[in-house]
Amino acid sequence: MFLLVAVINSDAHVRKILEGFTAVDVGGATVIDSRGMGQMLAADIPVVASIARLLGGSPVPESSKTIFSVINTVETLERAKKIVLGAVGDMAQKGVGIMFVVPVTEAFGLTERQEPSAETA
């Protein structure tokens, strides 16, 4: 099992991701509102955002969404990553978001009890 975490800076991208997840058998995801360091600094110190805009930087979005999903198989994980990357485009671009995957050795509260796999044991 794996935990896919994606921090996305566009609500439109989040909707595309969640719709895509349903098509590739991702059983569920949790979405929370989140704010990055740049977002916090821009809100608390408006001059930081103003200087960034003057220097050619893009405006800092007010908030982002963090998507968490526990995924059972490598195949489903690969499809889910493609959904995220297809929705947001190039994650190497500043301000798009980030995605990472963490192995999960045990999970509770899912619809089926998940046993640790040989890969994670």
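Colleague: As what does glutamate 78 count at 34% relative accessibility?

Modeller: Please note that this is a predicted model. Buried means under 20% relative accessible area, and exposed means over 50%. Glutamate 78, at 34% relative accessibility, therefore counts as partly exposed.

Colleague: With which residue does glutamate 78 form a salt bridge?

Modeller: Side chains of opposite charge can pair when their charged atoms come close. The partner of glutamate 78 is lysine 81, and the closest N and O atoms of the pair are 3.0 Å apart. Both residues belong to helix H4, where three residues, about one turn of the helix, separate them. Lysine 81 has a relative accessible area of 24%, so this residue is partly exposed as well.

Colleague: How many salt bridges does the count come to?

Modeller: The count comes to two salt bridges. One of them joins the side chains of aspartate 33 and lysine 65, with an N to O distance of 2.2 Å. Because aspartate 33 sits in strand S2 and lysine 65 in strand S3, this pair ties together parts that are 32 residues apart in sequence.

Colleague: Are aspartate 33 and lysine 65 buried or exposed?

Modeller: The relative accessibility of aspartate 33 is 57%, so aspartate 33 counts as exposed. Lysine 65 has 18% and therefore counts as buried.

Colleague: With which side chain does the side chain of serine 34 make a polar contact?

Modeller: Serine 34 is a residue of strand S2, which spans residues 30-34. Its side chain makes a polar contact of 2.8 Å with the side chain of threonine 66. Serine 34 counts as buried because its relative accessibility is 17%.

Colleague: In what order do the elements of the protein run from the N terminus?

Modeller: The secondary structure consists of four helices and four strands. Read from the N terminus, the order is β-α-β-α-α-β-α-β. Among contacts between residues at least 6 apart in sequence, 78% join residues at least 24 apart.

Colleague: Which residues have the most contacts inside the largest nonpolar core?

Modeller: In soluble globular proteins, nonpolar side chains tend to be buried together. Here the largest nonpolar core has 18 residues, and those with the most contacts inside it are Leu4, Ile8, Ile17, Phe21 and Val84. At least two residues of this core come from each of strand S1 (2-8), helix H1 (11-23), strand S3 (64-71) and helix H4 (74-88). H4 gives the largest share, five residues. In the protein as a whole, buried residues make up 29% of the 121 residues.

Colleague: With which residues is leucine 4 in contact, leaving aside its neighbours within four places in sequence?

Modeller: The list includes Phe21, Ile67, Phe68, Leu77, Val84, Met99 and Phe100. Lysine 81, one of the salt-bridge residues, is also in contact with leucine 4.

Colleague: Where does glycine 95 lie?

Modeller: Glycine 95 lies in the loop between H4 and S4. At 48% relative accessibility, this residue counts as partly exposed. Glycine 95 and isoleucine 8 are 87 residues apart along the chain, while 8.7 Å separates their C-alpha atoms.

Definitions and conventions:
Residues numbered from 1 in each chain as written. Predicted model: local features only at pLDDT ≥ 70, side-chain atom pairs only at ≥ 80, totals over all residues. Heavy atoms only, no water. Core = buried A, V, L, I, M, F, W, Y, C linked by side-chain atoms within 4.5 Å. Buried < 20%, exposed > 50% of the residue type's maximum accessible area, 1.4 Å probe, protein only. Contact = heavy atoms within 4.5 Å. Polar contact = N/O pair within 3.5 Å; in protein donor to acceptor, adjacent residues only side chain to side chain. Salt bridge = Lys/Arg side-chain N within 4 Å of Asp/Glu carboxyl O.
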